[in-house]
Amino acid sequence: TRLLRWLLGILILFGLGALTVVMLLYIPLRRELNLAQEKMDSLTTKSSTDLQAASEEIDRLSSLEENNRDLLTQLDQARLSQTLLQIRLDITSAQLALANEDSAKAKLALSKTAETIRKLESLLPQSQRQAIANLQDRLKLALGELDKNPYAANSDLDVMTNTLLELENALNR
C-alpha cells in the first residue's frame, strides 16, 4: 500500500504537472493560433475585396480611356468641319463682295484664308492633302485677279468651293 500511495502521489503530481503545462502553455498558444487564424482570414477577405475593387476600377478607367479616344476623334472631326466651313464662308463672303463690285471687301474676306487652308492641311488625313495645293493655287489666282478680272476671280472661287465640297464628301464616307 505504501508503494501504491507513492505511485498514486507521483501520478497526481504528473497529472498536476501536465494540467499546469496545458493551462500555462497549450491553451494560450491555442488562443493565439485562433486569433492569428482569424486575423489571416480577415486580411485574406480584405485583400480579395481590395483586388476586386481594383479590378473594377481598372475596367472603369479602361472604358473611360476608350470614351476619351472617341471624344478626341469627334473633336478632331469637329475642328476639321469648322475649318472647312470657315474657308467656305471666306469664299462666299468674297463672292458676295465681287457681286457688289467691291474688290476691297473681297480681299478682306480672303485675307486669312491662306492661314485657314494651312490649318486645314494639318487636320486632314495624309490621303486627302493633295487638294491643299490646288486650294492654295486657286486662292493666289483669285487674289491676283480681284482688281483686274473679277469674273476670273469668281471662277477661281467657284473651283475652290467645288474642291472643298468634294473634300467634305470624301471625308464623310
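The model is a predicted one, in which local features need pLDDT of at least 70 and side-chain atom pairs count only at pLDDT 80 or more, while totals for chains, interfaces and linings use all residues. I keep the numbering that runs from 1 along each chain as its sequence is written, and the side-chain values use heavy atoms, with hydrogens and water left out.

**Salt bridges**

How many salt bridges does the rule give? The count comes to six, where a salt bridge is a side-chain nitrogen of Lys or Arg within 4 Å of a carboxyl oxygen of Asp or Glu. I then took E57 and R60, whose side chains form a salt bridge at 2.7 Å, N to O. These two also sit in α1, three residues apart, again about one turn of the helix. E57 counts as partly exposed at 35% relative accessibility, and R60 counts as partly exposed at 41%.

I next followed the side chain of R88, which meets that of E168 in a salt bridge of 2.8 Å, N to O. This pair links distant parts of the chain, with E168 in helix α5 (residues 150–171) and R88 in helix α1, 80 residues apart. E168 is buried, with a relative accessible area of 17%, whereas R88 is partly exposed at 25%.

**The end of α1**

I moved on to Q95, which lies in helix α1, a helix that spans residues 2–99. Is Q95 buried or exposed? Q95 counts as buried, because its relative accessibility is 19%. Setting aside residues up to four places away in sequence, Q95 touches N154, L157 and D158, a contact being heavy atoms within 4.5 Å.

I also stopped at E101, in the loop between α1 and α2 (103–109). Its phi is near 55°, a positive value in a residue other than glycine, and E101 is exposed, with a relative accessible area of 74%.

I went back along α1 to T83, which is buried at a relative accessible area of 2%. Which residues does T83 contact, leaving aside neighbours within four places in sequence? They are T116, K119, L120 and L123.

The description of two packed helices rests on the angle between their axes and the distance between the axes. For α1 and helix α3 (residues 113–123) I noted an angle of about 155°, with the axes 10 Å apart; axes are lines fitted to C-alpha atoms, for helices over the stretch in contact, and angles run from 0 to 180 degrees between N-to-C directions. That makes α1 roughly antiparallel to α3, since angles over 145 degrees count as roughly antiparallel, those under 35 as roughly parallel, those from 65 to 115 as roughly perpendicular, and the rest as oblique. The crossing of α1 past α3 is left-handed, a term for a near helix turned anticlockwise from the far one by less than a right angle, with clockwise giving right-handed.

On the α1 side the contact is made by R79, L80, T83, L84, Q86, I87 and D90, and on the α3 side by T113, T116, I117, K119, L120 and L123. By class I have six nonpolar, four polar and three charged residues in this contact; Ala, Val, Leu, Ile, Met, Phe, Trp, Tyr, Cys and Pro count as nonpolar, Asp, Glu, Lys and Arg as charged, and the others, Gly among them, as polar.

**α4 against α5**

Last, I looked up helix α4 (residues 130–145) with α5, which pack at an angle of about 160° with their axes 8 Å apart. That makes α4 roughly antiparallel to α5, and the crossing of α4 and α5 is left-handed. The α4 residues in the contact include A131, N134, R138 and E145, and those of α5 include P150, D156, L157 and T163. By class, this contact of α4 with α5 has 13 nonpolar, two polar and three charged residues.

Conventions: Helix = DSSP H or I, 4+ residues; strand = E, 2+ residues; numbered from the N terminus. Buried < 20%, exposed > 50% of the residue type's maximum accessible area, 1.4 Å probe, protein only.
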